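Reader: I'd like a close look at one stretch of this chain and how it sits against the rest. Could you walk me through it in plain terms, with enough of the surroundings that I can find my way around?

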Amino acid sequence: LQEVGEPFKEEKAVAKYLRFNCPTKSTNMMGHRVDYFIASKAVDCLLDSKWAKAKKGEEALFTTRESVVDYCNRLLKKQFFHRALKVMKMKPDKDTKKEKEKGKAESGKEEEKKSKKESGKDEKTKKEKEKKKDGEKEECKKDETPGTPKKKETKRKFKLEPHEDQVFLDGNEVYVWIYDPVHFKTFAMGLVLVIAVIAATLFPLWPAEMRVGVYYLSVGAGCFVASILLLAVARCILFLIIWLITGGRHHFWFLPNLTADVGFIDSFRPLYTHEYKGPKADLKKEEKSESKKQQKYDSEEKSDSEKKEEEDGKTEATRNSGTDGSGGERHSDTDSDRREDDRSQHSSGNGNDFEMITKEELEQQTDEGDCEEEEEEDIESGPSHGKS
């Protein structure tokens with residue numbers, strides 16, 4: 001009887017903590033907008049709460065997951081929340097009809113393809129193009145960084161219905177909140193708003209100094225708002241004047257971020273922006289595009305010249321290899337000739353030792369020896385005369 005009765009303060013505190021700290025989601029149930037949570041997340045939330053820590057002289061309220069489940073069963077019986085059932089939404093009949101129509105269309109296309117197979121050449125070329133495109137797509141996918149966002153997975157829609165067995169179970173079971181307390185922040189904001197309205201209605205009863213101060217504050221706030229509006233209009237007028245005078249070539253904005261969706265300080269930054277959109281700008285753009293084209297053309301020419309150089313190098317290498325072979329044969333021939341000449345000279349020298357020398361050769365050798373002795377005597381007499 002106590003469990004079915006009114007909840008205790010402790011139970012209210014636990015339910016309030018669970019309501020504001022357990023992750024919840026909202027959906028429609030029986031035509032109403034409701035908030036629901038998952039049982040396993042609620043158990044984890046309570047195990048991390050202050051009631052899971054033991055105090056001085058007292059035991060912890062939540063020690064295991066089973067103790068949390070038992071306590072949540074008490075809260076369910078006190079009608080803080082109730083169990084719901086997930087029912088997946090089935091596809092309507094229209095979708096099935098569309099799928100059937102698609103299947104019929106695909107079968108008709110297949111028959112047409114069979115009839116077109118007679119002209120096989122065109123289809124082969126198309127298939128080759130498609131393969132190339134698929135290869136390019138696969139390369140692009142490989143080049144993509146791992147941080148790139150993936151396609152969103154289609155989630156199946158479901159709806160909630162009340163469950164027949166109202167029991168709290170630890171798992172992926174869904175429970176809908178009935179208990180909806182007011183948060184402290186919303187209560188404080190509402191209280192401040194009520195006090196401000198009452199104070200504004202009692203303005204005639206305020207002291208004179210407070211009324212004068214509020215008057216000056218209101219005038220200052222009004223002047224500030226009016227100055228911003230005037231600046232917004234003046235900057236548009238200034239832009240139009242400069243645009244008309246220069247024939248649309250100069251775009252000058254004063255405080256460009258004044259009406260943009262930015263912060264208060266960022267709305268005054270930068271002070272101005274200027275853009276020139278005349279023929280020179282177009283020329284610059286054309287020059288940039290031409291320079292890019294020239295760079296591409298130069299790179300292509302370089303690649304072609306490099307290819308030619310590589311081909312020339314290969315041909316030269318083949319030629320050099322042939323000439324080296326012939327040169328090697330020639331060198332080998334000359335070396336063999338030289339060796340034969342040396343051998344013949346050695347053989348001739350050795351043969352002269354056994355040949356007979358004639359009288360005329362002996363006389364010539366003696367005459368040459370006498371001439372050499374006379375030259376040596378002249379050389380020796382030359383320095384002696386110099387000394388005297």
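Predicted model: local features only at pLDDT ≥ 70, side-chain atom pairs only at ≥ 80, totals over all residues.

Author: Residues 214-245 come out as 100% helix and 0% strand, and 46 Å separates their end C-alpha atoms. Helix α6, residues 184-201, has 18 residues. From its first C-alpha to its last, α6 reaches 26 Å, close to the 26 Å expected at 1.5 Å a residue. Not one of those 18 residues counts as buried, so α6 is hardly covered, given that buried means under 20% relative accessible area.

For scale, the chain has 388 residues, and 14% of them are buried. It holds 9 helices and 7 strands. If you take contacts between residues at least 6 apart in sequence, 63% of them join residues at least 24 apart.

Now for the part I'd zoom in on, helix α1. Its 13 residues reach 18 Å from the first C-alpha to the last, close to the 18 Å expected at 1.5 Å a residue. Its buried residues are E11, V14, A15, L18 and R19. They sit on the same side of α1, because they cover an arc of only 135° around the axis. The general rule is handy here: an α-helix has 3.6 residues a turn, so residues three or four places apart point the same way. As for what that side faces, the buried residues of α1 pack against β2 (32-38), α2, α3 and β5.

R19 deserves a stop of its own. You'll find it in α1, which runs over residues 9-21. R19 counts as buried because its relative accessible area is 12%, and the cut-off is under 20%. A polar atom of the R19 side chain lies 3.1 Å from the backbone oxygen of Y179. Setting aside neighbours within four places in sequence, R19 also touches T24, D35, W177, D180 and P181, along with Y179 itself.

From there, step into the largest nonpolar core. It has 23 residues, and the ones that touch the most other members are F37, F81 and F168. Helix α1 supplies at least two residues to this core, as do α2 (39-47), α3 (65-77) and β5 (174-177). The biggest share comes from α3, with 6 residues. Look at F37 up close: beyond its neighbours within four places in sequence, its contacts include F81 and F168, and also C22, P23, T24, A42 and W177. E173, V174 and Y175 are on the contact list of F37 too. There is also a second, separate core of 7 residues, with A84, L160, V174 and V176 among them.

One last stop is H82, in strand β3, residues 81-88. Its contacts beyond four places in sequence are M29, Q166, V174, Y175, V176 and I178. H82 and H163 are 81 residues apart in sequence, yet 8.2 Å apart in space, C-alpha to C-alpha.

Key: Residues numbered from 1 in each chain as written. Heavy atoms only, no water. Helix = DSSP H or I, 4+ residues; strand = E, 2+ residues; numbered from the N terminus. Buried < 20%, exposed > 50% of the residue type's maximum accessible area, 1.4 Å probe, protein only. Polar contact = N/O pair within 3.5 Å; in protein donor to acceptor, adjacent residues only side chain to side chain. Contact = heavy atoms within 4.5 Å. Core = buried A, V, L, I, M, F, W, Y, C linked by side-chain atoms within 4.5 Å. Expected span 1.5 Å × (residues − 1). Arc of directions from axis to C-beta.
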